Amino acid sequence: MSRVDSNNERLMILSDVTKVYPMGDTQVEALRGVNLQIKSREFIAVLGPSGSGKSTIMHILGCLDTPTSGTYHLDGAAIQGLNPNELAEIRNRKIGFVFQSFHLLPRATACENVELPMVFAGINATDRKACAERVLDQVGLKERTRHLPNELSGGERQRVAIARALVNRPSILLADEPTGNLDSRSGAEILALFEELHTEGRTVILVTHDEMIASRAQRVIRILDGRIGQGSSDNHGRKE
Ligand SMILES: Nc1ncnc2c1ncn2[C@@H]1O[C@H](COP(=O)(O)OP(=O)(O)OP(=O)(O)O)[C@@H](O)[C@H]1O
Ligand SMILES: [Mg+2]
């Protein structure tokens, strides 16, 4: 683990990662020794039953949380043991996160929601607005920038969340069941958007319950009971 990849070939490396949540007198072992390597520009689907540890793995990959034991290297840097401020800094620079339930501020317009990460990054109001409008246009919401979340459809809300994940120009996009709350047509549109963002050169990792969606990824990782399961596979050749 001492060698650092200079060419980003191995973008993310989890080695023997465990995650244990203390719950009163007991403990929940959410991850039980995960080894995983992800290359730059891969498009990966993560599949597994409810409670198997998918979100936990995504939180660690996305620097929202750290392992209980084991190591995580992102882009050659050791992530385990960093404090919350250091994690936030890395997240803001490298990672966009999209959640199943959108996580939009209800009283802020689409544009204001997308501006939020740029507020934290200290970008001035004029540049923020211009950038937010450009990214909203990119996800097909040019005509919806002044709508509040409850004035948008589910698919549109998820597009706002994706635009917000994109504004700081992250090279990595992580999505935890981004189509879970959408009908099949909106889900297909959101999937097409992720495919486009992958084609543009981003690393994309998405959690799904849907085998159809998983079949569109280059590689499928199956999680079972906190471990990477049998049947994880390469779909290379199917996706271009
Ligand atoms: N903050 C927490 N505190 C205690 N236990 C937790 C916490 N977060 C998750 N767990 C437990 O860890 C295990 C894995 O949870 P995780 O959320 O990663 O599952 P998941 O695969 O994402 O499930 P789902 O498909 O339902 O979203 C579960 O048993 C869950 O109850
Ligand atoms: Mg989950």
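Lys19 stands opposite Leu31 in strand 2, and strand 1 pairs with strand 2 in the antiparallel sense over eleven bridges, where two strands count as paired if DSSP finds at least two bridges between them. Helices (H or I, at least four residues) and strands (E, at least two) are DSSP runs, numbered from the N terminus. This is a predicted model, in which local features need pLDDT of at least 70 and side-chain atom pairs count only at pLDDT 80 or more, while totals for chains, interfaces and linings use all residues. Residues are numbered from 1 along each chain as its sequence is written, chains are lettered from A and ligands numbered from 1 in the order in which they are written, and side-chain values use heavy atoms, with hydrogens and water left out.

- Four strands form an open sheet in the order 2-1-4-5, with antiparallel pairing.
- Strand 2 (26-39) and strand 5 (77-78) stand at the edges with a single partner strand each, so one side of each is left without a neighbour in the sheet.
- Strand 1 (residues 10-23) and strand 4 (residues 69-74) run antiparallel and are joined by five bridges; in strand 4, Tyr72 is the bridge partner of Leu14, and Leu74 is the bridge partner of Met12.
- Helix 1 (residues 54-61) packs on the sheet and touches strand 1, strand 2 and strand 4, its direction making about 125° with that of strand 1; contact here means heavy atoms within 4.5 Å.
- The hairpin of strand 1 and strand 2 has two residues between the strands, and in this hairpin Gly24 takes a positive phi near 60°.

**Helix packing**

- Two packed helices are described by the angle between their axes and the distance between the axes; axes are lines fitted to C-alpha atoms, for helices over the stretch in contact, and angles run from 0 to 180 degrees between N-to-C directions.
- Helix 5 (residues 154-166) packs with helix 6 (residues 184-199) at an angle of about 20°, their axes lying 10 Å apart, which makes helix 5 roughly parallel to helix 6 (angles under 35 degrees count as roughly parallel, over 145 as roughly antiparallel, 65 to 115 as roughly perpendicular and the rest as oblique).
- In this pair, residues of helix 5 including Ile162 and Leu166 meet residues of helix 6, among them Phe194 and Leu197, and by class the contact has six nonpolar, three polar and two charged residues (Ala, Val, Leu, Ile, Met, Phe, Trp, Tyr, Cys and Pro count as nonpolar, Asp, Glu, Lys and Arg as charged, and the others, Gly among them, as polar).
- The axes of helix 3 (residues 110-120) and helix 5 come within 7 Å and cross at roughly 30°, and the two helices are therefore roughly parallel to each other.
- Ala110, Asn113, Val114 and Pro117 of helix 3 make this contact with Val160, Ala163 and Arg164 of helix 5.
- The axes of helix 3 and helix 4 (residues 125-138) come within 9 Å and cross at roughly 120°, and these helices are therefore oblique to each other.

**Salt bridges**

- A search of the whole structure finds 14 salt bridges, each a side-chain nitrogen of Lys or Arg within 4 Å of a carboxyl oxygen of Asp or Glu.
- In one salt bridge, the side chains of Asp225 and Arg32 meet at 3.9 Å, N to O.
- Asp225 lies in the loop between strand 9 (219-224) and strand 10 (227-228) and Arg32 in strand 2, so the pair ties together parts that are 193 residues apart in sequence.
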